[in-house]
Amino acid sequence: MTFQQLLYFQSVADSLSFSKAAKECFVSQTAISRQIRQLEQEMDLRLFDRDTTHVTLTSAGRYFFQQAQQITAQLRQAVETAQQIDRASACQLVLAAPTVFEQWAAAPLLHGLRQRHPEASLSVVQGARTSLINDLVEANLDVLLALDFDMPSLDGLRVDVLSTHHAVWLLPAGHPLAGQAAIAPQQLRSESFIMTRESPTAPTIDRIGAYLHRLGLENVAHLQADSLSSAFLMVQAGLGVMIVPSGMEDLFPYGLRCVPIDGLAWEMNLLLLTSPQRRIPFLQELLDSATRTS
């Protein structure tokens with residue numbers, strides 16, 4: 001017994017006409033008759049009484065018609081529900097952004113997706129880059145947007161470079177040098193440098209320290225903050241300065257200024273990381289949006 005045979009049977013039972021059922025199902029009358037005959041043979045019962053002018057349901061046929069209507073209605077509902085589940089899963093995107101820097105970069109990408117796909121379920125998670133990469137590999141999230149900073153091995157992942165940023169100074173707006181076009185490292189020798197560490201094992205402070213050393217600031221004072229928001233507050237309070245990625249000036253609260261570094265450049269790439277083994281919804285749209293906004 002096939003689902004198509006049930007549909008043919010219901011069409012004939014509803015109209016009590018093989019010719020009308022054939023037109024309704026867009027097949028020949030011969031095909032309808034053959035399928036009904038096969039169904040009766042398989043079930044070993046007669047569903048219709050036929051003569052040259054009339055078609056009527058047998059008692060067994062009337063009972064089977066009632067049951068078949070329920071079966072096909074349930075099957076259609078099951079198919080529709082499964083399709084809804086499939087569409088919903090195809091419209092879910094979990095994006096990870098480790099810090100406020102990546103979250104700032106993710107905002108216009110997600111806004112663009114929301115405009116084009118209001119039905120989509122979009123969510124953002126944060127955390128240390130190392131743990132987020134593990135989540136990406138284990139399929140607990142779809143996309144990781146991250147600066148190439150404190151990164152473990154990315155072997156086995158697809159890596160797309162969305163944009164390139166360079167290091168700039170972050171100063172309080174009232175700093176004497178905040179209005180300059182660029183600041184040479186030696187002009188900040190008397191400042192404390194504020195740093196944050198993403199996790200106890202992350203080499204953030206070591207990398208910033210190495211860059212300061214290359215700028216000739218190897219013996220400057222360091223202050224540590226437990227989060228970026230705390231670090232921004234410390235800069236705003238005049239306790240020191242920071243090194244941050246360029247192009248994110250709108251991110252910083254009122255009272256802070258970004259000024260280019262007049263010295264050795266430090267480039268940071270913003271990466272979009274995905275697993276090539278998984279189908280990622282909206283991946284190409286994310287890449288295209290990043291190209292338009294970069």
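1. A residue is called buried when its relative accessible area is under 20%, exposed when that area is over 50%, and partly exposed in between (1.4 Å probe, protein chains only). Helices (H or I, at least four residues) and strands (E, at least two) are DSSP runs numbered from the N terminus. Five of the five residues of strand β5 (residues 143-147) are buried, so this strand is largely enclosed by the rest of the structure. On one side of β5 lie V143, L145 and L147, on the other L144 and A146, and both faces are covered.

2. On the basis of the note: this is a predicted model, in which local features need pLDDT of at least 70 and side-chain atom pairs count only at pLDDT 80 or more, while totals for chains, interfaces and linings use all residues. Residues are numbered from 1 along each chain as its sequence is written, and side-chain values use heavy atoms, with hydrogens and water left out.

3. Pairing of β5. Two strands are said to pair if DSSP finds at least two bridges between them. With strand β3 (residues 92-96), β5 pairs in the parallel sense over two bridges, and L95 stands opposite V143. With strand β11 (residues 267-274), β5 pairs in the antiparallel sense over four bridges; here A146 stands opposite L271.

4. Strand β7. Five of the five residues of β7 (residues 192-196) are buried, and the strand is mostly covered. S192, I194 and T196 point one way, while F193 and M195 point the other way. Five bridges join β7 to strand β8 (residues 221-225), and the two run parallel. I194 has L223 as its bridge partner in β8.

5. Nonpolar cores. A nonpolar core is a set of buried Ala, Val, Leu, Ile, Met, Phe, Trp, Tyr and Cys residues joined through side-chain atoms within 4.5 Å. The largest has 59 residues, and F101, W169 and M242 have the most contacts inside it. Contact in this note means heavy atoms within 4.5 Å. Not counting residues up to four places away in sequence, M242 touches V168, W169, L170, I194, L228, A231, F232 and V235.

6. Residue L171. This residue belongs to strand β6 (residues 158-172) and is buried, with a relative accessible area of 0%. Leaving aside neighbours within four places in sequence, L171 is in contact with L177, A178, I183, L188, V235, V241, G255, L256, R257 and V259. L171 and F101 are 70 residues apart in sequence and 17 Å apart in space, C-alpha to C-alpha.

7. Helices α1 and α3. Axes are lines fitted to C-alpha atoms, for helices over the stretch in contact, and angles run from 0 to 180 degrees between N-to-C directions. Angles under 35 degrees count as roughly parallel, over 145 as roughly antiparallel, 65 to 115 as roughly perpendicular and the rest as oblique. Helix α1 (residues 3-15) packs on helix α3 (residues 29-43) at an angle of about 110°, with the axes 9 Å apart. That makes α1 roughly perpendicular to α3. Q5, Y8, F9 and V12 of α1 meet I32, Q35, I36, Q38, L39 and E42 of α3. By class, these residues are six nonpolar, three polar and one charged, where Ala, Val, Leu, Ile, Met, Phe, Trp, Tyr, Cys and Pro count as nonpolar, Asp, Glu, Lys and Arg as charged, and the others, Gly among them, as polar.

8. Helices α2 and α3. Their packing angle is about 105°, and their axes are 8 Å apart; α2 and α3 are therefore roughly perpendicular to each other. F18, S19, A21, A22 and C25 of α2 make the contact with Q29, I32, S33 and I36 of α3. This contact has six nonpolar, three polar and no charged residues.

9. Backbone points to check. Most residues other than glycine have a negative phi. L16, in the loop between α1 and α2 (18-25), has a positive phi of about 50° although it is not a glycine. At 37% relative accessibility, L16 counts as partly exposed. F26, in the loop between α2 and α3, also has a positive phi, near 60°. At 77% relative accessibility, F26 counts as exposed.
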